[in-house]
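Here are some quick notes to go with the model. Have a look at it first, then read on.

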Amino acid sequence: MADNTAFGLGLITSALQWIMVMLSWILTTYLGRRTIYVYGQFINCGFLIVLGIAGSVGGGKAASNAQASLGLIVSVLFCLGPAPASWVIIGETSSVRLRPLTTGIGRGAYYLVNIPCIFLASYMLNDDKWNLGGKSGYVWAFTAFVCTAMAWMWVPEMKHRSFREIDILFQRHVPARKWKQTVVDINDDE
């Protein structure tokens, strides 16, 4: 891909990501946080597998354009769903008393994981290293699927829940998948 085309595609991606983050504010109002996060991750897994397939099919301009387009789609959809939903989840899941500490530890863990991922991504994509190109979609699809499975098990639905209800549900050890249908009397003394 020509440098000008790659630069233009990068600008388009950034503009679309910005728009998608703003659209996610509307989605968060109508859909649940868990729904947005889990299903958004799952859809991205599918696109990452398709990206890997496009990288495996062969070379040529069409394959290169398909890989670039799929990379743009994955990036933009991530900004529509899982990325902004994660900030809402972070803000709502920890208890009020521990929120600053929990958020700080979470961000620190994110950066500790992100640094090796950036390093590995450069090795996967560069021609003089592993040269996986679009096939790296398989690697990221696997990690995204693991994260999706973990989110399905452990990320609760907090839409229309007060902080008091969230604390009660955590104290009762209600499984994350059952939060949506669990009824909580906020007058309970727990």
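**Cysteines and a helix pair**

1. Let's start with Cys79: its relative accessible area is 13%, so the residue is buried. Keep in mind that this is a predicted model.

2. What about Cys117? Its closest cysteine sulfur is in Cys147, at 8.8 Å, and that is too far for a bond, because a disulfide needs the two sulfur atoms within 2.5 Å. Cys117 has 26% relative accessibility, so this one counts as partly exposed.

3. Now the helices. Two packed helices are described by the angle between their axes and the distance between the axes. For helix 1 (residues 3-30) and helix 3 (residues 61-80), the axes come within 7 Å and cross at roughly 30 degrees. Helix 1 is therefore roughly parallel to helix 3, since angles under 35 degrees count that way. The crossing of the two is right-handed.

4. Which residues of helix 3 meet helix 1? They are Ala68, Leu72, Ser75, Val76, Cys79 and Leu80, so the buried Cys79 from point 1 is part of this contact. From helix 1 come Leu9, Ile12, Thr13, Leu16, Gln17, Met20, Val21, Leu23, Ser24 and Leu27. By type, the contact residues split into 12 nonpolar and 4 polar, with no charged ones.

Methods: Residues numbered from 1 in each chain as written. Predicted model: local features only at pLDDT ≥ 70, side-chain atom pairs only at ≥ 80, totals over all residues. Heavy atoms only, no water. Axes fitted to C-alpha atoms, helices over the stretch in contact; angles between N-to-C directions. Helix = DSSP H or I, 4+ residues; strand = E, 2+ residues; numbered from the N terminus. Parallel < 35°, antiparallel > 145°, perpendicular 65-115°, else oblique. Left-handed = near helix turned anticlockwise from the far one by under 90°. Contact = heavy atoms within 4.5 Å. Nonpolar A, V, L, I, M, F, W, Y, C, P; charged D, E, K, R; others polar. Buried < 20%, exposed > 50% of the residue type's maximum accessible area, 1.4 Å probe, protein only.
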